[in-house]
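Please look over the sequence and the fold shown here. A short report comes after them.

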Amino acid sequence: MDIRFTNRGLLRAVFVAFALFLVYRFLATVAATVLLLGTGVLVAVALSAPVEALHRRKVPRPAAVALIVGGLLIALAVGGYLLLSTLTEQASQLVSSLPRALSQLVERARGFARELGFDIATGGGGGGISSQTMASVGRGVLGGALGLFSGLAAFFTGLIVVLFVPLYLTTVPDPVVRWVVRLFPPEKREEVRSLLYEAYTRLLGWLKGHLFSMAVIGLLSTTALYLIGIPGALFLGIFSGLVAFVPIIGSVVGALPPLVLALANNPLDALWVLLAYVAIQQIESNLITPLVMQRAVSLHPVVVIAAVTVASAAFGILGTLLAVPASVVAGVFVERLWFRRLEGKRAGTAR
(Lines give C-alpha, C1' and ligand atoms only; values in the text may rest on other atoms or scores of the structure.)
Protein backbone atom coordinates (compact mmCIF):
# COMPACT_ATOMS: atom_id res chain seq x y z
CA MET A 1 0.00 0.00 0.00
CA ASP A 2 1.29 3.46 -0.93
CA ILE A 3 2.07 5.40 2.27
CA ARG A 4 1.58 8.74 0.50
CA PHE A 5 -1.88 7.69 -0.66
CA THR A 6 -2.77 6.62 2.90
CA ASN A 7 -1.57 9.89 4.40
CA ARG A 8 -3.42 11.89 1.76
CA GLY A 9 -6.66 10.04 2.47
CA LEU A 10 -6.23 10.52 6.21
CA LEU A 11 -5.55 14.23 5.73
CA ARG A 12 -8.63 14.55 3.52
CA ALA A 13 -10.76 12.80 6.16
CA VAL A 14 -9.46 15.17 8.83
CA PHE A 15 -10.28 18.19 6.66
CA VAL A 16 -13.78 16.87 5.95
CA ALA A 17 -14.42 16.21 9.65
CA PHE A 18 -13.16 19.68 10.55
CA ALA A 19 -15.35 21.26 7.85
CA LEU A 20 -18.40 19.37 9.13
CA PHE A 21 -17.61 20.52 12.67
CA LEU A 22 -17.41 24.14 11.49
CA VAL A 23 -20.74 23.77 9.67
CA TYR A 24 -22.30 22.28 12.80
CA ARG A 25 -20.99 25.11 14.98
CA PHE A 26 -22.21 27.68 12.45
CA LEU A 27 -25.70 26.16 12.32
CA ALA A 28 -25.83 25.92 16.12
CA THR A 29 -24.90 29.61 16.39
CA VAL A 30 -27.51 30.55 13.78
CA ALA A 31 -30.16 28.50 15.61
CA ALA A 32 -29.32 30.17 18.94
CA THR A 33 -29.48 33.60 17.30
CA VAL A 34 -32.82 32.82 15.66
CA LEU A 35 -34.21 31.63 19.01
CA LEU A 36 -33.08 34.84 20.71
CA LEU A 37 -34.64 36.89 17.91
CA GLY A 38 -37.83 34.87 18.27
CA THR A 39 -37.85 35.60 21.99
CA GLY A 40 -37.41 39.30 21.25
CA VAL A 41 -40.26 39.26 18.73
CA LEU A 42 -42.52 37.47 21.24
CA VAL A 43 -41.77 40.10 23.89
CA ALA A 44 -42.40 42.82 21.28
CA VAL A 45 -45.81 41.31 20.47
CA ALA A 46 -46.66 41.27 24.19
CA LEU A 47 -45.61 44.93 24.59
CA SER A 48 -47.41 46.03 21.44
CA ALA A 49 -50.90 45.60 22.90
CA PRO A 50 -50.65 48.28 25.64
CA VAL A 51 -48.47 50.46 23.40
CA GLU A 52 -51.10 50.38 20.64
CA ALA A 53 -53.82 51.16 23.19
CA LEU A 54 -51.95 54.30 24.29
CA HIS A 55 -51.03 55.23 20.71
CA ARG A 56 -54.71 55.17 19.70
CA ARG A 57 -55.24 57.80 22.42
CA LYS A 58 -52.75 60.13 20.67
CA VAL A 59 -49.77 59.18 22.85
CA PRO A 60 -46.57 59.07 20.71
CA ARG A 61 -45.08 55.61 20.38
CA PRO A 62 -41.77 56.40 22.14
CA ALA A 63 -43.65 57.91 25.08
CA ALA A 64 -46.06 54.94 25.17
CA VAL A 65 -43.16 52.47 25.21
CA ALA A 66 -41.45 54.45 27.98
CA LEU A 67 -44.65 54.51 30.06
CA ILE A 68 -45.28 50.76 29.67
CA VAL A 69 -41.67 49.74 30.38
CA GLY A 70 -41.49 52.13 33.34
CA GLY A 71 -44.75 50.76 34.72
CA LEU A 72 -43.49 47.18 34.39
CA LEU A 73 -40.23 48.05 36.16
CA ILE A 74 -42.10 49.75 39.00
CA ALA A 75 -44.46 46.76 39.33
CA LEU A 76 -41.49 44.36 39.43
CA ALA A 77 -39.72 46.51 42.02
CA VAL A 78 -42.79 46.68 44.25
CA GLY A 79 -43.47 42.96 43.84
CA GLY A 80 -39.86 42.14 44.63
CA TYR A 81 -39.92 44.36 47.71
CA LEU A 82 -43.11 42.72 49.00
CA LEU A 83 -42.51 39.10 48.04
CA LEU A 84 -38.80 38.51 47.47
CA SER A 85 -37.93 37.59 51.05
CA THR A 86 -40.91 35.20 51.32
CA LEU A 87 -40.15 33.55 47.97
CA THR A 88 -36.46 33.19 48.83
CA GLU A 89 -37.28 31.58 52.17
CA GLN A 90 -39.80 29.19 50.63
CA ALA A 91 -37.41 28.26 47.80
CA SER A 92 -34.70 27.48 50.37
CA GLN A 93 -37.13 25.30 52.34
CA LEU A 94 -38.17 23.43 49.19
CA VAL A 95 -34.56 22.76 48.19
CA SER A 96 -34.08 20.88 51.47
CA SER A 97 -37.55 19.38 51.92
CA LEU A 98 -38.10 17.89 48.45
CA PRO A 99 -35.09 15.52 48.61
CA ARG A 100 -36.19 14.41 52.10
CA ALA A 101 -39.71 13.87 50.78
CA LEU A 102 -38.37 11.68 47.97
CA SER A 103 -36.33 9.67 50.49
CA GLN A 104 -39.41 9.13 52.64
CA LEU A 105 -41.36 7.95 49.60
CA VAL A 106 -38.60 5.46 48.80
CA GLU A 107 -38.64 4.12 52.36
CA ARG A 108 -42.42 3.71 52.24
CA ALA A 109 -42.12 1.90 48.92
CA ARG A 110 -39.55 -0.47 50.47
CA GLY A 111 -41.83 -1.17 53.41
CA PHE A 112 -44.75 -1.86 51.09
CA ALA A 113 -42.54 -4.17 48.99
CA ARG A 114 -41.46 -6.10 52.11
CA GLU A 115 -45.11 -6.63 53.04
CA LEU A 116 -45.64 -8.16 49.60
CA GLY A 117 -42.65 -10.47 50.06
CA PHE A 118 -40.05 -8.56 48.04
CA ASP A 119 -36.70 -7.62 49.58
CA ILE A 120 -35.28 -4.39 48.20
CA ALA A 121 -31.63 -3.67 48.96
CA THR A 122 -30.96 -0.63 51.10
CA GLY A 123 -27.78 0.51 49.47
CA GLY A 124 -24.12 -0.20 49.99
CA GLY A 125 -22.77 -2.85 47.71
CA GLY A 126 -26.05 -4.69 47.15
CA GLY A 127 -26.96 -2.70 44.09
CA GLY A 128 -29.96 -1.07 45.72
CA ILE A 129 -30.92 2.57 45.79
CA SER A 130 -30.08 4.25 49.08
CA SER A 131 -31.83 7.17 50.68
CA GLN A 132 -28.76 9.29 50.09
CA THR A 133 -28.85 8.40 46.40
CA MET A 134 -32.52 9.30 46.18
CA ALA A 135 -31.81 12.56 47.99
CA SER A 136 -29.20 13.45 45.40
CA VAL A 137 -31.64 12.47 42.65
CA GLY A 138 -34.26 14.66 44.31
CA ARG A 139 -31.90 17.60 44.29
CA GLY A 140 -31.25 16.96 40.61
CA VAL A 141 -34.99 16.81 39.90
CA LEU A 142 -35.56 20.04 41.78
CA GLY A 143 -32.65 21.66 39.98
CA GLY A 144 -34.13 20.59 36.65
CA ALA A 145 -37.54 21.98 37.61
CA LEU A 146 -35.97 25.26 38.67
CA GLY A 147 -33.82 25.20 35.52
CA LEU A 148 -36.53 27.31 33.90
CA PHE A 149 -35.42 30.24 36.03
CA SER A 150 -31.74 29.70 35.28
CA GLY A 151 -32.68 29.45 31.59
CA LEU A 152 -34.51 32.74 31.83
CA ALA A 153 -31.51 34.25 33.61
CA ALA A 154 -29.31 33.04 30.74
CA PHE A 155 -31.27 35.37 28.46
CA PHE A 156 -29.08 38.13 29.81
CA THR A 157 -26.26 36.77 27.66
CA GLY A 158 -28.37 37.96 24.72
CA LEU A 159 -29.31 41.21 26.45
CA ILE A 160 -29.17 43.36 23.33
CA VAL A 161 -31.38 41.02 21.31
CA VAL A 162 -33.93 40.12 23.97
CA LEU A 163 -34.39 43.59 25.47
CA PHE A 164 -33.58 46.09 22.74
CA VAL A 165 -35.24 44.31 19.81
CA PRO A 166 -38.69 44.54 21.49
CA LEU A 167 -38.10 48.21 22.31
CA TYR A 168 -37.17 49.05 18.73
CA LEU A 169 -39.95 46.93 17.22
CA THR A 170 -42.65 48.49 19.39
CA THR A 171 -41.29 52.04 18.99
CA VAL A 172 -40.81 52.01 15.20
CA PRO A 173 -42.36 48.84 13.71
CA ASP A 174 -43.18 50.22 10.22
CA PRO A 175 -39.61 50.20 8.77
CA VAL A 176 -39.14 46.55 9.72
CA VAL A 177 -42.49 45.54 8.20
CA ARG A 178 -41.76 47.50 5.00
CA TRP A 179 -38.33 45.87 4.70
CA VAL A 180 -39.80 42.36 5.05
CA VAL A 181 -42.54 43.15 2.52
CA ARG A 182 -40.01 44.49 0.00
CA LEU A 183 -38.31 41.08 -0.09
CA PHE A 184 -41.23 39.87 -2.25
CA PRO A 185 -42.34 40.85 -5.78
CA PRO A 186 -44.60 43.95 -5.99
CA GLU A 187 -47.68 41.93 -6.94
CA LYS A 188 -47.29 39.78 -3.79
CA ARG A 189 -46.57 42.53 -1.26
CA GLU A 190 -50.13 43.29 -0.28
CA GLU A 191 -50.79 39.59 0.35
CA VAL A 192 -47.59 39.33 2.41
CA ARG A 193 -48.59 42.37 4.46
CA SER A 194 -52.01 40.83 5.09
CA LEU A 195 -50.43 37.51 6.05
CA LEU A 196 -48.04 39.18 8.51
CA TYR A 197 -50.89 41.14 10.07
CA GLU A 198 -53.02 38.02 10.50
CA ALA A 199 -50.11 36.12 12.06
CA TYR A 200 -49.47 39.05 14.41
CA THR A 201 -53.16 39.26 15.36
CA ARG A 202 -53.47 35.54 16.06
CA LEU A 203 -50.22 35.44 18.05
CA LEU A 204 -51.24 38.49 20.09
CA GLY A 205 -54.66 36.96 20.80
CA TRP A 206 -53.07 33.68 21.89
CA LEU A 207 -50.48 35.49 24.02
CA LYS A 208 -52.97 37.74 25.83
CA GLY A 209 -55.30 34.84 26.54
CA HIS A 210 -52.48 32.58 27.67
CA LEU A 211 -50.93 35.17 29.98
CA PHE A 212 -54.33 35.67 31.59
CA SER A 213 -54.70 31.90 31.91
CA MET A 214 -51.25 31.65 33.54
CA ALA A 215 -52.19 34.32 36.08
CA VAL A 216 -55.41 32.49 36.97
CA ILE A 217 -53.56 29.15 37.30
CA GLY A 218 -50.94 30.73 39.55
CA LEU A 219 -53.58 32.36 41.75
CA LEU A 220 -55.74 29.23 42.02
CA SER A 221 -52.72 26.97 42.65
CA THR A 222 -51.39 29.23 45.41
CA THR A 223 -54.80 29.41 47.07
CA ALA A 224 -55.39 25.66 46.86
CA LEU A 225 -51.94 24.73 48.18
CA TYR A 226 -52.26 27.23 51.05
CA LEU A 227 -55.65 25.83 52.06
CA ILE A 228 -54.37 22.24 51.90
CA GLY A 229 -51.35 23.20 54.00
CA ILE A 230 -48.50 22.45 51.57
CA PRO A 231 -45.27 24.24 52.58
CA GLY A 232 -44.02 26.86 50.11
CA ALA A 233 -47.50 27.41 48.66
CA LEU A 234 -46.69 30.86 47.25
CA PHE A 235 -43.51 29.73 45.51
CA LEU A 236 -45.12 26.55 44.17
CA GLY A 237 -48.20 28.45 42.98
CA ILE A 238 -46.10 31.01 41.10
CA PHE A 239 -44.02 28.17 39.67
CA SER A 240 -47.21 26.44 38.45
CA GLY A 241 -48.35 29.66 36.79
CA LEU A 242 -45.01 30.20 35.04
CA VAL A 243 -44.61 26.68 33.69
CA ALA A 244 -48.21 26.83 32.43
CA PHE A 245 -46.78 28.92 29.57
CA VAL A 246 -46.20 25.52 27.94
CA PRO A 247 -49.74 24.08 27.68
CA ILE A 248 -50.52 20.57 28.94
CA ILE A 249 -46.92 19.64 29.79
CA GLY A 250 -46.51 22.70 32.02
CA SER A 251 -49.52 21.69 34.08
CA VAL A 252 -47.97 18.28 34.80
CA VAL A 253 -44.59 19.79 35.69
CA GLY A 254 -46.21 22.35 38.01
CA ALA A 255 -48.13 19.64 39.90
CA LEU A 256 -45.20 17.31 40.58
CA PRO A 257 -43.39 19.19 43.44
CA PRO A 258 -46.49 19.70 45.62
CA LEU A 259 -47.57 16.11 44.98
CA VAL A 260 -44.19 14.78 46.16
CA LEU A 261 -44.32 16.93 49.30
CA ALA A 262 -47.89 15.90 50.07
CA LEU A 263 -47.23 12.18 49.51
CA ALA A 264 -44.30 12.26 51.93
CA ASN A 265 -46.26 14.00 54.68
CA ASN A 266 -49.84 12.80 54.31
CA PRO A 267 -51.24 10.70 51.43
CA LEU A 268 -54.65 12.30 52.02
CA ASP A 269 -53.10 15.70 51.30
CA ALA A 270 -51.68 14.25 48.09
CA LEU A 271 -55.19 13.27 47.05
CA TRP A 272 -56.40 16.81 47.73
CA VAL A 273 -53.48 18.27 45.74
CA LEU A 274 -54.23 15.97 42.83
CA LEU A 275 -57.93 16.87 42.89
CA ALA A 276 -57.08 20.58 43.15
CA TYR A 277 -54.78 20.52 40.12
CA VAL A 278 -57.25 18.45 38.10
CA ALA A 279 -59.99 20.95 38.98
CA ILE A 280 -57.74 23.90 38.04
CA GLN A 281 -56.88 22.23 34.75
CA GLN A 282 -60.58 21.67 34.00
CA ILE A 283 -61.40 25.28 34.85
CA GLU A 284 -58.58 26.48 32.61
CA SER A 285 -59.41 24.25 29.65
CA ASN A 286 -63.23 24.38 29.78
CA LEU A 287 -63.93 27.87 31.10
CA ILE A 288 -60.97 30.23 30.70
CA THR A 289 -59.61 29.01 27.37
CA PRO A 290 -62.96 29.15 25.48
CA LEU A 291 -63.55 32.68 26.79
CA VAL A 292 -60.14 34.21 26.10
CA MET A 293 -59.06 32.22 23.04
CA GLN A 294 -62.03 32.85 20.76
CA ARG A 295 -59.97 34.68 18.11
CA ALA A 296 -56.70 32.83 18.59
CA VAL A 297 -55.51 29.74 16.79
CA SER A 298 -56.79 26.56 18.41
CA LEU A 299 -54.06 23.93 18.59
CA HIS A 300 -54.77 20.26 19.07
CA PRO A 301 -53.10 18.78 22.20
CA VAL A 302 -51.17 16.31 20.03
CA VAL A 303 -49.73 19.21 18.03
CA VAL A 304 -48.72 20.98 21.25
CA ILE A 305 -47.03 17.88 22.71
CA ALA A 306 -45.22 17.10 19.44
CA ALA A 307 -44.03 20.69 19.00
CA VAL A 308 -42.78 20.99 22.59
CA THR A 309 -41.06 17.58 22.48
CA VAL A 310 -39.23 18.23 19.22
CA ALA A 311 -38.30 21.82 20.06
CA SER A 312 -37.05 20.98 23.56
CA ALA A 313 -34.95 18.08 22.25
CA ALA A 314 -33.46 20.20 19.48
CA PHE A 315 -33.08 23.63 21.12
CA GLY A 316 -33.40 23.20 24.90
CA ILE A 317 -35.30 25.56 27.17
CA LEU A 318 -35.70 28.34 24.59
CA GLY A 319 -37.11 25.84 22.12
CA THR A 320 -39.57 24.65 24.76
CA LEU A 321 -40.76 28.19 25.46
CA LEU A 322 -41.10 29.17 21.78
CA ALA A 323 -42.57 25.90 20.48
CA VAL A 324 -46.24 26.76 20.95
CA PRO A 325 -46.04 30.43 19.78
CA ALA A 326 -44.13 29.22 16.71
CA SER A 327 -46.85 26.63 16.12
CA VAL A 328 -49.51 29.36 16.29
CA VAL A 329 -47.71 31.40 13.61
CA ALA A 330 -47.01 28.29 11.53
CA GLY A 331 -50.69 27.39 11.70
CA VAL A 332 -51.62 30.76 10.18
CA PHE A 333 -49.10 30.33 7.36
CA VAL A 334 -50.25 26.78 6.59
CA GLU A 335 -53.89 27.90 6.64
CA ARG A 336 -53.31 30.85 4.28
CA LEU A 337 -50.63 29.47 1.98
CA TRP A 338 -51.77 25.86 1.68
CA PHE A 339 -55.27 25.00 2.89
CA ARG A 340 -57.12 28.01 1.46
CA ARG A 341 -55.35 27.79 -1.90
CA LEU A 342 -55.91 24.05 -2.10
CA GLU A 343 -59.59 24.43 -1.26
CA GLY A 344 -59.88 27.29 -3.76
CA LYS A 345 -58.41 25.11 -6.51
CA ARG A 346 -60.82 22.30 -5.66
CA ALA A 347 -63.77 24.70 -5.75
CA GLY A 348 -62.66 26.01 -9.15
CA THR A 349 -62.27 22.47 -10.50
CA ALA A 350 -65.75 21.53 -9.24
CA ARG A 351 -67.31 24.42 -11.11
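The sections below go from the whole chain to single residues.

## Overall fold

This is a predicted model. The protein chain has 11 helices and zero strands. Read from the N terminus, its elements run α-α-α-α-α-α-α-α-α-α-α.

The protein chain holds 351 residues, and 33% of them count as buried. Its accessible surface comes to about 21700 Å². Carbon and sulfur atoms account for 71% of that surface. Among contacts in the protein chain with a separation of 6 or more, 71% join residues 24 or more positions apart.

## Helix 1

Helix 1 covers residues 3-55, and V34 lies in it.

Is T39 buried or exposed? T39 counts as buried because its relative accessibility is 8%, and the cut-off for buried is under 20%.

## Helix 7

Helix 7 spans residues 189-228, 40 residues in total. From its first C-alpha to its last, helix 7 reaches 57 Å. That is close to the 58 Å expected at 1.5 Å a residue.

What follows helix 7? The next residue is G229. The phi of G229 is positive, near 100 degrees.

Note on methods
Residues numbered from 1 in each chain as written. Predicted model: local features only at pLDDT ≥ 70, side-chain atom pairs only at ≥ 80, totals over all residues. Heavy atoms only, no water. Helix = DSSP H or I, 4+ residues; strand = E, 2+ residues; numbered from the N terminus. Expected span 1.5 Å × (residues − 1). Buried < 20%, exposed > 50% of the residue type's maximum accessible area, 1.4 Å probe, protein only. Contact = heavy atoms within 4.5 Å. Areas by Shrake-Rupley, 256 points an atom, 1.4 Å probe, with all protein chains shown as cover.
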